[in-house]
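Let's take a friendly walk through the salt bridges of this model. Have the sequence and the 3D view at hand as you read.

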Amino acid sequence: MLHLNDRRRRCKKTSSILWTPANLTNLELWLDASDSGTITKDGSNKVSQWDDKSGNGNHATQGTEANQPAYNAADNSVNFDGSNDWMQLPPNVKNSICRDTNHSIFIVFKADNPSSSIGCMFLTSSPNYGNNSLAYQIRASHIRLSYYEYYDTSGDNEYRSAPFTDTTEKHFMSITHAANTLHDAFLDGTEITGTERAYRAQLSGCRIGSAIDNNRFFDGDMFEIIIADSVLSEADRQKIEGYLAHEWDVENSLPAGHPYKSSPPYV
C-alpha cells in the first residue's frame with residue numbers, strides 16, 4: 001500500500017500536492033487508522049482512543065478493556081470482533097448529523113461476516129427529533145443506510161440497501177444530506193437507491209461498531225471515517241471518494257467515468 005507520506009514525497013517530484021480531507025472547510029471528524037500516531041493502544045493492541053485529525057477533538061474512545069477493538073498494524077485497521085467491541089464519539093458529533101442539519105459522512109470498512117443478522121458500523125441518534133437515528137449497517141448480506149424517527153408518522157423515514165457479500169476487500173460508503181431532506185448514499189462511488197419506511201428505534205448517543213443498546217455489533221475492520229458538517233458538492237464528494245480509494249488501494253472499485261478512478265485528487 002502506498003501511504004500518504006509516500007504519496008506526498010511522490011507529489012513533490014511532480015510539483016503537485018495531494019488533496020486530503022484537511023482541505024475541507026467544514027471538517028467535523030477525521031479518523032484515519034493509517035496514521036498510527038492517532039491510535040492509543042496497550043501491549044495487546046487494544047485501542048482505548050482513536051484521535052480525531054480534524055482539530056476539533058472529537059476522539060473516539062473506549063475505556064473498558066473488554067469492549068476495546070484491536071489495532072492491526074499490518075493493514076492499518078481497527079478491528080471490531082462482532083461480539084462486544086465498540087467506541088464512543090462525543091455528543092457534538094451526534095448533534096451535527098441530525099435530520100435538520102447539513103452533513104456528509106464517509107466510512108472505509110471491510111466486513112468479516114456480512115451474512116450476520118445485523119452489525120452497526122456507525123450509529124448515531126439525537127433527542128432533538130424524538131430520538132431519530134442514522135445507521136450504517138451490514139445486515140443479512142446487504143449494506144444499508146437507515147434513517148428512522150421513533151415518533152415519526154409522516155413517512156419521512158428512509159432506507160437505502162444494496163446486496164453485499166464480500167469479505168475480502170475494503171469498501172467505502174458515502175452519504176450527503178441537506179437538512180430536512182432525504183440522504184444521497186453511495187457504495188464505492190456508485191449510488192445506492194431505494195426509499196421506503198424503515199423500522200423505528202428509540203436510541204441515543206453516537207457509536208462506532210455497535211448500536212447504542214449494546215447489541216448489533218459490527219464484525220470487521222474500520223480504516224477511515226470522515227464527517228463534514230455541510231452538504232458537500234458532487235465535486236468534493238468525488239474528491240473524498242478518490243482520496244479514499246487511492247489511499248486504501250481500492251480505486252478499481254470506483255465506477256467507470258469517476259473523475260479519480262485513474263489518479264487521486266490534487267490541490
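## Salt bridges at a glance

Glu 234 counts as exposed, at 53% relative accessibility (exposed is over 50% relative accessible area, buried under 20%, and partly exposed in between, with a 1.4 Å probe and protein chains only). This is a predicted model, in which local features need pLDDT of at least 70, side-chain atom pairs count only at pLDDT 80 or more, and totals for chains, interfaces and linings use all residues. Residues are numbered from 1 along each chain as its sequence is written, and side-chain values use heavy atoms, with hydrogens and water left out.

How many salt bridges does the structure hold? There are seven, each being a side-chain nitrogen of Lys or Arg within 4 Å of a carboxyl oxygen of Asp or Glu.

| Salt bridge | Closest N to O |
|---|---|
| Asp 236 and Lys 239 | 4.0 Å |
| Asp 35 and Lys 53 | 3.4 Å |

Glu 234 and Arg 237 both belong to helix 3 (residues 234–247), three residues apart, about one turn of the helix. Helices here are DSSP runs (H or I, at least four residues), strands likewise (E, at least two), numbered from the N terminus. Arg 237 is buried, with 7% relative accessible area.

Asp 236 and Lys 239 also lie in helix 3, three residues apart. Asp 236 is partly exposed at 23%, and Lys 239 is partly exposed at 23%. Elsewhere, salt bridges with shared partners link Asp 32, Asp 35 and Lys 53 into one network.
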